[in-house]
Amino acid sequence: MNETVALVAGATRGTGRGIAVQLGAIGATVYCTGRSTRGQRSEMDRPETIEETAELVTEAGGKGIAVRTDHLDPAQVKELIERIDREQGRLDVLVNDVWGADPLWTFDTTVWDHDLDKGLRLLRLAIDTHLITSHHALPLLIRRPGGLVVEVTDGTADFNGTRYRNSIFYDLAKTAVNRLAFAQSHELRPHGCAAVAITPGFLRSEMMLENFGVTEENWREGVKVHEDFILSETPAFTGRAVAALVTDPDRMRWSGASVSSGELAKEYGFTDLDGSRPDVWGWIVEVREAGKTADPADYR
């Protein structure tokens, strides 16, 4: 088994689960944290659990360890890191993927019309959790050079920098997470460690499949709801992107960068589970926003 020890904060479902499983596929020991367990659901009230994710990590070839953790609670995070130190004596990869705020924001709603309590809760879940986790985890990660922090967001820094992301609270959250990676890269560099922000594309998460009324088996039917769905990707695609960074001995070259799963797929040569390399961000910028016509297959 690979010696890599990883913490995926927010591993219950979606991108976090995809990253955890693909780290398992390279043989890593992965601590899978979140608030949804078989005995207790989070406010998301969904069926996915951290125990399931840990089992999938182990099935993939690694060692999955589920630890229920509320990453808004510094005491729980401190206890988690102390446990990792006690059991492993090291931490090589931290993935800050906590989100859990989908029910808290609405499209195209002004700040004065948006529910303030929900908007502020969104920011706490999206930003405070990442800061709390890094605060407690990085002293363990920097013990060894080569450590990696991955900040998971929606949209690269370049993309988000010139586009409004549908709600001031959502916009601020996703922009801030890119900046977290940039800032942490500066603090980590003297210790030989890196921080990278990564965004999936049009994600076929469990929730998105349900919203589109499809399953992973017939997902292409989702184009009837949104034509860009043909360029969607599984959570494993971003997972493979993170695994590629972890196994790259020259990963420091990415430190401070904000990249997409599609960009890293081109760089490292990996594919999604079906052999494709979807790049919905490239499609949006180069085709849709440019008013051009193109075959979506050119972006898969």
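# Salt bridges, a pocket and a surface patch

Glu289 is partly exposed, with a relative accessible area of 43%. Here buried means under 20% relative accessible area, exposed means over 50%, and partly exposed lies in between, using a 1.4 Å probe and protein chains only. The model is predicted, so local features need pLDDT of at least 70 and side-chain atom pairs pLDDT 80 or more, while totals for chains, interfaces and linings use all residues. Residues are numbered from 1 along each chain as its sequence is written, and side-chain values use heavy atoms, leaving out hydrogens and water.

## Salt bridges

Glu289 has a charged partner, Arg163. Their link is a salt bridge, that is, a side-chain nitrogen of Lys or Arg within 4 Å of a carboxyl oxygen of Asp or Glu. Glu289 sits in the segment after helix H10 (280–288), and Arg163 sits in the loop between helix H5 (157–161) and H6, so the pair ties together parts 126 residues apart in sequence. Helices (H or I, at least four residues) and strands (E, at least two) are DSSP runs, numbered from the N terminus.

The structure holds 24 salt bridges. Three of them are set out here, with the distance between the closest N and O atoms.

| Salt bridge | Closest N and O atoms |
|---|---|
| Glu289 with Arg163 | 2.7 Å |
| Arg13 with Glu48 | 2.8 Å |
| Asp248 with Arg253 | 2.9 Å |

Take Arg13 and Glu48, which form a salt bridge. The pair links distant parts of the chain, 35 residues apart. Arg13 is in the loop between strand E1 (5–9) and H1. Glu48 is in the loop between E2 and H2. Are Arg13 and Glu48 buried or exposed? Both are buried. They also belong to a network of salt bridges, where Arg13, Arg46, Glu48 and Glu210 are linked.

Asp248 and Arg253 make another salt bridge. Asp248 is buried, with a relative accessible area of 8%. Arg253, at 42% relative accessibility, is partly exposed.

## A pocket

What volume does the second largest pocket have? About 310 Å³ of space lies in it. A pocket is found on a 1 Å grid over the protein atoms alone: it is an open set of points where a 1.4 Å probe fits, with protein on both sides within 12 Å along at least five of seven lines, and its lining residues have an atom within 4 Å of a point. Grid points are joined across faces, edges and corners, and the volume is the space filled by probe spheres set on them.

This pocket is lined by 16 residues. The closest to its centre are Arg204, Glu206, Thr234, Pro235 and Leu273. Helix H1 (14–25), helix H7 (206–212) and helix H8 (235–246) each supply at least two lining residues. H1 gives the most, with 5 residues.

Leu56 lies in helix H2. Leu56 is partly exposed, with a relative accessible area of 31%. Which residues does Leu56 touch, not counting those up to four places away in sequence? They are Arg17 and Val21. Contact means heavy atoms within 4.5 Å. The C-alpha atoms of Leu56 and Ala25 are 9.6 Å apart, across 31 residues of chain.

Gln40 lies in the loop between strand E2 (29–34) and helix H2 (50–60). Its relative accessible area is 43%, which means Gln40 is partly exposed. Setting aside neighbours within four places in sequence, Gln40 is in contact with Arg35 and Arg68. Gln40 and Arg68 are 28 residues apart along the chain, and their C-alpha atoms are separated by 9.6 Å.

Val111, Trp112, Tyr164 and Ile168 form a nonpolar patch on the surface. Together they have about 470 Å² of accessible area. Such a patch takes residues with over 30% relative accessible area and no salt bridge; nonpolar side chains (Val, Leu, Ile, Met, Phe, Trp, Tyr) are joined within 5 Å, and like charges within 9 Å. Areas come from the Shrake-Rupley method with a 1.4 Å probe, and for residues only the protein chains shown count as cover. Ile168 belongs to helix H6 (residues 168–188). Ile168 is partly exposed, at 41% relative accessible area.

Most residues other than glycine have a negative phi. Asp108 has a positive phi, near 50°. Asp108 is in the loop between strand E4 (93–96) and helix H4 (116–141). Asp108 is exposed, with a relative accessible area of 62%.

Asn166 also has a positive phi, near 75°. Asn166 lies in the loop between H5 and H6. At 22% relative accessibility, Asn166 is partly exposed.
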